[in-house]
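Here is a short report on one protein model. Please look at the sequence and the structure first.

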Amino acid sequence: MLQIESLSKGYSTKVLLTEASAHLRPNSRVGLVGPNGAGKTTLFRMILGEESPDEGSIRKRPRLRIGYLPQELETITGKTVLDAAHRDVFPEHEAERILMGLGFSEVDFLRPIDNLSGGYRMRVALAHLLLSNPDVLMLDEPTNHLDKPTQRWFEQFLIGSDMTLLIISHDTAFLDRVVTHIWDLRHHKIEEYRGNYSAFRKLRAERDTQLQASATRQAKELARVQKFVDRFRYQANKASQVQSRLKQLEKVKRIELQRDAKRVKFRFPHPSTSGRQILDLTGISKRYGEKVVYETLDFSVERGQRIALVGENGAGKSTLLKMLAGTLTPDSGTRTVGHGVTLHYFAQHQAETLNPEHTILESLDEVTKFAEMNFLRGIAGAFLFTGQEQKKPIKALSGGERNRVALARMLVEPANTLLLDEPTNHLDPASVDVLTDALAQFPGTIVFISHDPTFLARIATRVVEIEDGRARDFIGDYEYYLWKKAQEFEAAQEADEKLNGTPQAKPSVPTRAMAQQIKPPSKDSGGERRNLTKTHARLEKQVARAESEIAEMEQTVQARDLELANSSLYQDFGKWNVLHQEQEGWKRDLERMTARWESLSAELEEVKQKLGALR
């Protein structure tokens with residue numbers, strides 16, 4: 001269907017491809033992988049004819065119809081969701097089916113396109129592409145804007161279609177489930193592998209090992225021959241043998257081992273310590289037109305917590321994060337920032353807010369008043385922008401490179417609280433690992449949104465589920481959240497079957513598949529016992545810390561009671577009132593701390609019972 005032949009492409013500061021070749025076969029589903037900036041999106045543009053190669057060619061089958069979903073959607077035509085989805089295509093019922101699969105309801109079909117968020121506009125564009133059924137469908141990071149239920153539907157649709165797929169994605173689990181082949185953009189070539197992403201990783205490791213072994217054997221043989229030549233070069237009786245070996249050395253095709261690009265490596269700067277209370281939202285309400293997101297919400301963040309906000313798309317996670325950051329004003333209610341709190345907010349489309357005309361160094365310089373240029377060059381270098389690359393304009397960078405710049409800007413000035421909305425989008429797996437390591441070592445407070453289960457499992461110490469305008473707390477890590485949801489799902493299913501014998505509807509978050517993977521503890525499960533023991537130890541520490549904090553606060557309140565009881569203070573009502581108001585705030589804090597202790601204690605007791613059942 002499509003043949004890439006000896007393709008070369010480069011820019012003034014970087015070579016992308018050198019005599020690269022590949023063949024896209026009918027009915028194959030190919031994942032295009034490689035580090036950020038390797039040239040994946042550029043290759044897409046050359047296939048579409050938007051850019052030209054320096055050398056080589058791309059041959060396409062005559063009348064080949066290609067559909068393309070870019071990372072960043074520029075425009076979308078059509079007045080309503082349904083208009084935009086089936087424009088130029090007749091089957092309206094099929095359009096409705098696809099739209100519903102992508103998370104739209106019937107009431108959404110007539111919503112104006114202009115009222116949709118960027119993520120949902122992307123879904124409309126995707127619906128139109130699926131409906132148009134091209135011969136080749138090219139997708140650039142298609143899962144970035146999909147929640148888990150929608151992604152599962154999307155995967156099944158792709159697997160069941162007869163379209164040939166070429167997909168750029170850093171979602172390795174998605175690639176494992178969908179693709180049949182991998183194109184690895186590596187060392188300026190395209191290496192083709194049969195199988196999914198996991199198979200590719202295994203095959204590539206085996207190939208690298210074999211190549212390393214061959215190079216080692218060759219080096220030893222060449223050294224042996226060279227040693228003979230050096231020893232007998234000037235002995236007449238060995239002249240013919242020396243000449244023979246010199247010709248042998250000249251004919252050998254040397255095995256060249258190329259190193260992969262360096263990985264991003266950084267740590268967040270050590271910030272100043274904040275007070276115990278970081279952020280507090282009280283009585284918050286927020287609506288967009290007729291849609292009520294939050295009617296009355298209380299939400300607080302304490303120092304050292306790493307809070308994951310989870311829930312379906314459109315539930316209000318990003319809205320909550322924006323209100324915490326102070327970039328979105330609630331319709332009513334108050335936002336309180338704690339003592340000594342400094343914030344960095346990373347928006348879901350943070351990279352899109354960068355000035356496209358500025359260079360990388362200029363973009364870093366925008367967020368500081370005092371940093372020296374050598375310091376900024378060091379930060380850029382830590383994110384693999386070196387030498388002349390640091391002077392590249394933002395508009396010339398790939399999506400992953402732009403995200404790296406956006407993350408680098410957060411390192412210029414330290415902050416003790418990070419608010420992150422999908423920080424791993426567009427990052428390659430290696431960069432995601434490094435970001436995860438850096439956040440795991442960060443000593444401050446983190447509130448984040450992510451659809452990446454590995455990232456969630458490694459970072460979160462508290463999970464908050466957003467649903468129907470409510471924030472439900474799960475005091476524990478992401479694995480505990482999944483286990484708890486699985487328990488609730490199974491209990492509801494059993495109750496429903498006892499009541500009327502009908503199966504329970506599948507849960508929304510986590511999905512049924514996720515819930516079934518997390519089984520409740522059983523006497524045959526050593527892994528569950530270890531997990532429960534780990535959870536038990538963590539909850540015991542949290543309960544003990546909560547008790548200590550409550551005791552400390554109670555002593556503070558009691559000391560203030562004695563101070564306020566001093567009759568001489570009554571003569572200065574202004575001072576008495578200030579002290580009294582401060583004490584009232586302490587009492588409210590004490591109530592919240594007590595409620596948290598009760599919740600933790602209940603969770604601990606439940607875990608104890610489960611452990612007891614296993615013994």
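This is a predicted model: local features need pLDDT of at least 70, side-chain atom pairs count only at pLDDT 80 or more; totals for chains, interfaces and linings use all residues.

Residues are numbered from 1 along each chain as its sequence is written, and side-chain values use heavy atoms, with hydrogens and water left out.

The protein has 18 helices and 18 strands. These are DSSP runs, numbered from the N terminus: helices are H or I with at least four residues, strands E with at least two. The C-alpha atoms fill a box of roughly 115 × 70 × 60 Å along the principal axes. Of the 615 residues, 47% are buried, meaning under 20% relative accessible area with a 1.4 Å probe, protein chains only.

Now to α3 and α4. Their axes come within 10 Å and cross at roughly 135 degrees. Axes are lines fitted to C-alpha atoms over the stretch in contact, and angles run from 0 to 180 degrees between N-to-C directions. Contact means heavy atoms within 4.5 Å.

| Helix | Residues | Contact residues |
|---|---|---|
| α3 | residues 92-101 | Glu-94, Ala-95, Ile-98, Leu-99 |
| α4 | residues 118-132 | Ala-127, Leu-130, Leu-131 |

Ala-95, Ile-98, Leu-99 and Gly-101 of α3 are buried. The buried residues of α3 pack against α2 (81-85), α4 and α5 (148-160). After α3 comes Gly-103, with a positive phi near 100 degrees.

Conventions. Buried means under 20% relative accessible area, exposed over 50%, partly exposed in between (1.4 Å probe, protein chains only).
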